[in-house]
Amino acid sequence: QVQLVESGGGSVQAGGSLRLSCANSGYTYSPICMGWFRQAPGKEREGVALIHTGAGTTYYADSVTGRFTISQDNAKHPVYLQMHSLKPEDTAMYYCSADLARWSCGSGPLKRTDFSYWGQGTQVTVSS
């Protein structure tokens with residue numbers, strides 16, 4: 001049974017940093033695509049960062065480019081989202097996601113429906 005468990009959320013002041021972790025397990029085959037999404041109250045869930053676990057290619061939403069970094073040491077290891085220069089508009093529930101066959105991962109944005117597996121989320125709150 002695939003499990004994704006996020007950790008590392010919290011409350012910080014604007015300009016601060018946080019590192020989110022996503023422990024993932026239970027795969028028969030390693031996922032080819034891992035991603036971080038976020039959802040603020042009353043808003044749609046949006047993709048923040050994606051990584052192709054085989055090629056290492058990454059994609060970032062414009063709103064976080066230059067401030068967030070997604071990484072994974074190797075397949076089946078935790079996926080991280082390093083967040084710097086946090087802004088109040090980054091406040092949201094952050095979700096880890098995985099898909100076994102999303103080969104286009106890292107070449108552009110993906111939708112929530114492109115992912116098969118999800119964690120329960122970790123809250124990030126940025127105060128001004």
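Tutor: A residue counts as buried under 20% relative accessible area, as exposed over 50%, and as partly exposed in between. Please note also that this is a predicted model.

Student: Is Trp-118 buried, exposed or partly exposed?

Tutor: The relative accessible area of Trp-118 is 24%. Buried requires a value under 20% and exposed a value over 50%. Trp-118 is therefore partly exposed.

Student: How many aromatic pairs are there?

Tutor: Rings pair if their centres lie within 6.5 Å. By this rule, the number of aromatic pairs is 4.

Student: What is the geometry of the pair formed by Phe-37 and Trp-118?

Tutor: The two ring centres of Phe-37 and Trp-118 are 5.0 Å apart, with 70° between the planes. Planes over 60 degrees apart count as edge-to-face. The pair of Phe-37 and Trp-118 is accordingly edge-to-face.

Student: How many residues apart in sequence are the parts that this pair ties together?

Tutor: Phe-37 belongs to strand E4 (residues 33–39), whereas Trp-118 belongs to strand E10 (residues 117–118). The pair therefore ties together parts whose separation in sequence is 81 residues.

Student: Which residues do ring pairs link into a cluster?

Tutor: Phe-115 and Trp-118 also form an edge-to-face pair, with centres 6.1 Å apart and planes at 65°. Phe-37 is buried at 1% relative accessible area, and Phe-115 is buried at 6%. The cluster linked by ring pairs consists of Phe-37, Phe-115 and Trp-118.

Student: Over the ring of which residue does the charged end of Arg-45 sit at 3.6 Å from the centre?

Tutor: Arg-45 lies over the face of Trp-118, at 4.9 Å from the ring centre. The ring at 3.6 Å from the charged end of Arg-45 is that of Tyr-95.

Note on methods:
Residues are numbered from 1 along each chain as its sequence is written. This is a predicted model: local features need pLDDT of at least 70, side-chain atom pairs count only at pLDDT 80 or more; totals for chains, interfaces and linings use all residues. Side-chain values use heavy atoms; hydrogens and water are left out. Rings of Phe, Tyr and Trp (its six-membered ring) pair if their centres lie within 6.5 Å; planes under 30 degrees apart count as stacked, over 60 as edge-to-face and the rest as tilted. Helices (H or I, at least four residues) and strands (E, at least two) are DSSP runs, numbered from the N terminus. Buried means under 20% relative accessible area, exposed over 50%, partly exposed in between (1.4 Å probe, protein chains only). A charge sits over a ring if NZ of Lys or CZ of Arg is within 6 Å of the ring centre and within 35 degrees of the ring normal.
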